[in-house]
Amino acid sequence: MLTPALFFVSSLGAATLEEAQKAYTDGDFAQAAAIYEEVAAEKGVSAPLLTNMGTAYFKTGDYGHAMLCYRRALRIDPSDTQAKDNISYIESKVEDNNKAEAKGKKVSVAPEDRSFFSSVRRYIVYSHSSDSWALWAGSLFVLTCVCAALYIFASGVLVRKIGFFGGFIAFGFSLITLLFALVNASDRKKSVEGVVTAYKVQLLSEPHKDAKATVNPLTRGTVLNIQEEEQEPGDSLKWYRVRLNSDYSGWIDANDFQPI
């Protein structure tokens, strides 16, 4: 079952957030979501705000914007357990909906298995924030300095050995965690995934409206990998080339899809 979000009120725009909470409590979930959108546009976003917004959207039946909010909350705060739990719940619902759209055809509606390096990269991005990785790197570098001091100034052979080998190990891990911090920060600046926000879409073979549709529709809330972006000539419309798995890949209109 979907985990309900905890509502919060800050001194910044408190009245508006109180209105959103009241709308949610009164069962007017669409109004609550709209108010949260206004607060986000005016004051900026935070993980709790996005989680609350996602829950309001979920209550309206809009899995697309709910998934988008929860995923964005998780990018800000990878430790947000509410967002993680709610994402898992929506993923199961979206997969059931996509299976229903397949109408018994032998196609996979599950994301393809990630490679080892892709899984590691995902762990780096979603297990800790870049600040947390940087803090680990700094702490390990301090430990490296302590070990170096032991090696230089200690008189005992055993202590010097601990300082020597411990320093190399700590320095190695400090470089690894620093790399993790840089990868995390880099990935958060670019969108590599997005969410279907339209009720139903079919991926197209080419980036234009008259292109041939591929396989069956995908329902809102489906998370797709972004492979390429394209602008139509003489038009401001943007297209994304996306992929779910070998059965579902193609182009999608930017109006039906939002990067995370």
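Reply: Let's begin with a rule: two strands pair if DSSP finds at least two bridges between them. Helices (H or I, at least four residues) and strands (E, at least two) are DSSP runs, numbered from the N terminus. Keep in mind that this is a predicted model, where local features need pLDDT of at least 70, side-chain atom pairs count only at pLDDT 80 or more, and totals for chains, interfaces and linings use all residues. Residues are numbered from 1 along each chain as its sequence is written, and side-chain values use heavy atoms, with hydrogens and water left out.

Me: Which residue stands opposite Asn225 in β5?

Reply: In general, strands of a sheet pair through backbone hydrogen bonds, either parallel or antiparallel. Here, Asn225 faces Arg243 in β5. Strands β4 (residues 223-231) and β5 (residues 238-243) are antiparallel, joined over 6 bridges. Asn225 in β4 also stands opposite Glu193, and β1 pairs with β4 over 3 antiparallel bridges.

Me: In what order do the strands of the open sheet run?

Reply: The order is β6-β5-β4-β1-β7, 5 strands with antiparallel pairing. At the edges are β6 (249-253) and β7 (257-259), each pairing on one side only. From one strand to the next, the twist averages 45° (axes are lines fitted to C-alpha atoms, for helices over the stretch in contact, and angles run from 0 to 180 degrees between N-to-C directions). Strand β1 (residues 193-196) meets β7 over 3 antiparallel bridges, with Val195 opposite Gln258.

Me: Now the helices. At what angle do the axes of α6 and α8 cross?

Reply: Two packed helices are described by the angle between their axes and the distance between the axes. For α6 (residues 116-127) and α8 (residues 157-189), the axes cross at roughly 85° and come within 9 Å. That makes α6 roughly perpendicular to α8 (under 35 degrees counts as roughly parallel, over 145 as roughly antiparallel, 65 to 115 as roughly perpendicular and the rest as oblique). Arg121, Ile124 and Val125 of α6 touch α8 through residues including Phe180 and Val183, where contact means heavy atoms within 4.5 Å.

Me: How far apart are the axes of α4 and α5?

Reply: They are 10 Å apart, and helices α4 (residues 63-76) and α5 (residues 81-102) pack at an angle of about 145°. Among the residues that meet are Tyr63 and Leu74 in α4, and Ile87 and Val94 in α5.
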